[in-house]
Amino acid sequence: MSDDHHQPHSPSPVERRAAALEELLTERGLVPEGFIEEVNRAYEKDIGPMNGAKVVARAWVDAKYKMRLLADGTTAIAELGLGGAQGEHMVVVENTPEVHNVVVCTLCSCYPWPVLGLPPAWYKDPPYRARMVREPRVLLAEMGCEIDESVAVRVWDSSAEIRYLVLPGRPAGTEDVPEDELARLVTRDSMIGVARL
Amino acid sequence: MDAMHDLGGRDGFGAVVVERDEPVFHEAWEKVARGLLLAVMRNHPNPSSSALRHAIERMDPAHYLSSSYYEHWLTAAATIAVETGSVTRRELEQRGGGPFPLSGPERPEPRPDASPGRSRFHLGDHVRVREWHPHGHTRCPSYIRGSVGVVTRVDGPFPIPDVEAHSPERIPEQTYSVCFEADELWHDGQRGVSVNVDLWDSYLEKP
């Protein structure tokens, strides 16, 4: 049942199934009290793309940090107090005038939770997973991210333990913008690689 | 297993549908499904993300494609709860008042020829992905099998998922980021495109 709807409605089959499994496991003491709320709460409030945006903004203003970030993503991201599940082995790939990077997980939906939060539905659904390795330029253009023929496209399929974050190029004309304002310019999609800034 | 989750390169799916300002969860049951799968993994005799992923991969292919991500999680949670003896399918169907589709059984064969510490390749090596089609869990996508790429990064060692998903045994091997030119994979002339896939040592051979 959705929190957003105040009118009662008859539950859908999947809602009934979820409720049935929850009830049975709870009755048997297999779901500790508060567990479901606890494992999800952080991703609704504290963990999301605003974390990755801080990493990107720092790399834009601090050349030495950027070098550390590209050499050892996990350690450099931890400098900003970020890490945890699905961020244990981070690799950051840099967009340049010559190279555009984009991340996918064709086998499931691996995603760097500590810096981007939980993935959007389109990242988990079949069209993106099927097509990004097959026709990335076409799909990127469809998603509003046209990549010039002169720019190489590198697709990263997160098939093992490494999780990827794209370091997007810094927008032109932001030389005097302070770091915290820069972070507000960084979008989730630019850190997946389906948008440019 | 060569199941429906292995989507790389499949045709016919159409446009990517992006929802503006998408919430983290759309409906309350999605949070429940996520929490329940994490809860049942705590009671799993062999907890690992490989076992979790494999419980989703074992879904009926038609159900997999026609259901949302969190319905996958719910189905995997119920499957593991039944397999570990916490509930029965009959109880689930009685309580839910209708059918409760579960994932199919494990078929953990053939076992990969993995060995602890295996690290046969180096930066710059050309490698070919083995034509290997286990019925159990693997993280070697089918669209790269038989293709040749170049090792561009060496990571790990990490336990090979093909073993970890099915047993308490852990066989750590090196993984490699292998760079495939699009022409090697698809033979249709996409210019300036590479696909980089992270692969365990046992998935590879000398070309």
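Predicted model: local features only at pLDDT ≥ 70, side-chain atom pairs only at ≥ 80, totals over all residues.
Local features are described only where pLDDT is at least 70, and side-chain atom pairs count only at pLDDT 80 or more, while totals for chains, interfaces and linings use all residues. Residues are numbered from 1 along each chain as its sequence is written, and chains are lettered from A and ligands numbered from 1 in the order in which they are written.

Read from the N terminus on, the elements follow the pattern α-α-α-α-α-β-β-α-β-α-β-β. The C-alpha trace of chain B spans about 55 × 40 × 25 Å along its principal axes. Of its 207 residues, 45% count as buried; a residue is buried if 20 or more other C-beta atoms lie within 10 Å of its own, exposed if 12 or fewer, and partly exposed in between, with C-beta atoms placed from the backbone.

The two chains meet through 63 residues of chain B and 60 residues of chain A, a contact being two residues whose C-beta atoms, placed from the backbone, lie within 7 Å. On the side of chain B that touches chain A, the elements giving two or more residues are α1, α4, α5, β2 (148-159) and β4 of chain B. The largest share of that side, ten residues, comes from α1(B). By residue kind, this side of chain B divides into 32 nonpolar, 16 polar and 15 charged. Here Ala, Val, Leu, Ile, Met, Phe, Trp, Tyr, Cys and Pro count as nonpolar, Asp, Glu, Lys and Arg as charged, and the others, Gly among them, as polar.

Helix α1 of chain A (residues 13-27) takes part in this meeting. Its buried residues, among them A:Leu21 and A:Leu25, pack against α1 (28-42), α4 (69-83) and α5 (89-96) of chain B. The 15 residues of α1(A) should span 21 Å, which agrees with the 21 Å between its end C-alpha atoms; the expected span is 1.5 Å times one less than the number of residues. After α1(A) comes A:Gly29, whose phi is positive, near 75°.

The chains also share an open sheet of seven strands, in the order β2(A)-β3(A)-β4(B)-β3(B)-β2(B)-β1(B)-β5(B), with mixed pairing. Two strands pair if DSSP finds at least two bridges between them. At the edges, β2 (99-104) of chain A and β5 (204-205) of chain B each pair on one side only. Where does the sheet pass from one chain to the other? Strand β3 (residues 152-157) of chain A pairs with strand β4 (residues 193-200) of chain B in the parallel sense over five bridges. Within chain A, β2(A) and β3(A) pair in the parallel sense over six bridges, and A:His100 stands opposite A:Val153. Five of the six residues of β3(A) are buried, so this strand is largely enclosed by the rest of the structure.

Notes: Helix = DSSP H or I, 4+ residues; strand = E, 2+ residues; numbered from the N terminus.
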